[in-house]
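Work through the exercises below with the sequence and the model in view. Each task is followed by a solution in steps.

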Amino acid sequence: MHIEASANVAGLVLHFRTDMQTMECVRSMVDEGIRIVVIVDNSNDEGRSAGRMRPALERMSGIGLVFEIVSPGRNLGFARGVNAGLMRVVAYRPDAVLLINSDAKLESGSLANLLRALDRAPLAIPQVRGAAGAAEGSLSGWYHRASGLQLGAGSSSHCVHYPSGCCLMLRTDIARAPLLDEDFFFYGEDVELGHELGVRGIGFAECSDAVIIHAGAGSARNGSLFYEYHINRGHWLLAVKLAGRPLERVLYIALRCVTLPLRASIRCLRFRSLTPWRGLAAASLDLIRGRCRDLTPPAA
């Protein structure tokens, strides 16, 4: 399926309280020619931060921007938030959808290059650069099925090669809800997406001439209980979802009984806090009980 560089592209952004960063993200899309933007407000702050963005968004309407803020009134999590946004995006009948983190910005010329990459695959990802000007890197990862470790590029067939949910350019034939597995709240849904794409024989294109600037930690503070809980919960879920046979499931869970406590212990030393162990314990017990807590920090 060939998509022209002048294609009608809709932007999809999940917003979490960082209204200034979200607006910078939207401006970067508008500068690249995107004129449809759907914002899912995951802030759980009674609409305050989204309300601060509305005047600037309405001013952009003067240059042709069509925007919509989806306000569920609570934090849906990443997977469910993306799916909710896609349900609204399809109403605008775009040729492609750009899913991008609210703390990321497109560099000039990146949109056209990502669109050209869709000639090679129905999903394309750019390169990423840190806000401080660090070297460009890949937005794909290699997740070891058995241990849950992140390995280097070109790793073995025992890994899932997946596109990071930080920025995805999607053809509309796959940009339909549910794109992501809603069992995941914050971490692991992009690994599961890579796994499902592989099962379906669908590849993704890495676009070396498209770049985003990613500030990082826009919605989840590394080392917080929210972060540690959902990271560990995602690893446990992936142990089940990536296993092909019951024996594999037992092996994957057993190995995570080693790797996850080691990870938590290292992070406790790094942050000089017991929060990583608290997150691991809470996530493990909640999965056994069949429940999930979102643990979204209260709004200031």
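## Exercise 1: a glycine in a helix

Leaving out residues up to four places away in sequence, Gly 85 touches Leu 12, Val 38 and Val 40, where contact means heavy atoms within 4.5 Å. The model is predicted: local features need pLDDT of at least 70, side-chain atom pairs count only at pLDDT 80 or more, and totals for chains, interfaces and linings use all residues. Residues are numbered from 1 along each chain as its sequence is written, and side-chain values use heavy atoms, with hydrogens and water left out.

Task: state where Gly 85 is placed and whether Gly 85 is buried or exposed.

Solution. 
Step 1. Gly 85 sits in helix H3. Helices (H or I, at least four residues) and strands (E, at least two) are DSSP runs, numbered from the N terminus.
Step 2. The relative accessible area of Gly 85 is 0%, so Gly 85 is buried. Buried means under 20% relative accessible area, exposed over 50%, and partly exposed in between (1.4 Å probe, protein chains only).

## Exercise 2: a proline in a loop

Task: find the loop that holds Pro 72 and name the residues in contact with Pro 72, leaving aside neighbours within four places in sequence.

Solution. 
Step 1. Pro 72 is in the loop between strand E3 (66–70) and helix H3 (78–89).
Step 2. With a relative accessible area of 32%, Pro 72 is partly exposed.
Step 3. Beyond the neighbours within four places in sequence, Pro 72 is in contact with Asp 41 and Asn 42.

## Exercise 3: aromatic pairs

Task: how many aromatic pairs does the structure hold, and which residues do ring pairs link into a cluster?

Solution. 
Step 1. There are three aromatic pairs in the structure. Rings of Phe, Tyr and Trp (its six-membered ring) pair if their centres lie within 6.5 Å; planes under 30 degrees apart count as stacked, over 60 as edge-to-face and the rest as tilted.
Step 2. Phe 185 and Phe 226 make an edge-to-face pair, 6.2 Å centre to centre with 75 degrees between the planes. Phe 185 lies in the loop between strand E11 (167–171) and helix H5 (189–199), and Phe 226 lies in helix H6, 41 residues apart. Both Phe 185 and Phe 226 are buried.
Step 3. Phe 186 and Tyr 227 have ring centres 6.0 Å apart and planes at 65 degrees, so this pair is edge-to-face. Phe 186 is partly exposed, at 22% relative accessible area, whereas Tyr 227 counts as buried at 17%.
Step 4. The cluster linked by ring pairs consists of Phe 185, Phe 186, Phe 226 and Tyr 227.

## Exercise 4: packed helices

Task: describe how H7 packs with H6 and with H8, and how H6 meets H8.

Solution. 
Step 1. Two packed helices are described by the angle between their axes and the distance between the axes. Axes are lines fitted to C-alpha atoms, for helices over the stretch in contact, and angles run from 0 to 180 degrees between N-to-C directions.
Step 2. The axes of H6 (residues 225–241) and H7 (residues 246–271) come within 9 Å and cross at roughly 165 degrees. H6 and H7 are therefore roughly antiparallel. Angles under 35 degrees count as roughly parallel, over 145 as roughly antiparallel, 65 to 115 as roughly perpendicular and the rest as oblique.
Step 3. H7 and H8 (residues 275–289) have axes 7 Å apart at an angle of about 150 degrees, and are therefore also roughly antiparallel. Pro 276, Trp 277 and Leu 280 are the H8 residues that meet H7.
Step 4. The axes of H6 and H8 come within 8 Å and cross at roughly 45 degrees, which makes H6 oblique to H8.

## Exercise 5: backbone exceptions

Task: which residues does the cis peptide bond join, and where is Glu 46 found?

Solution. 
Step 1. Most residues other than glycine have a negative phi, and most peptide bonds are trans.
Step 2. Ala 177 and Pro 178 are joined by a cis peptide bond, with omega about 0 degrees.
Step 3. Glu 46, not a glycine, has a positive phi of about 60 degrees. Glu 46 is in the loop between strand E2 (36–41) and helix H2 (48–60).
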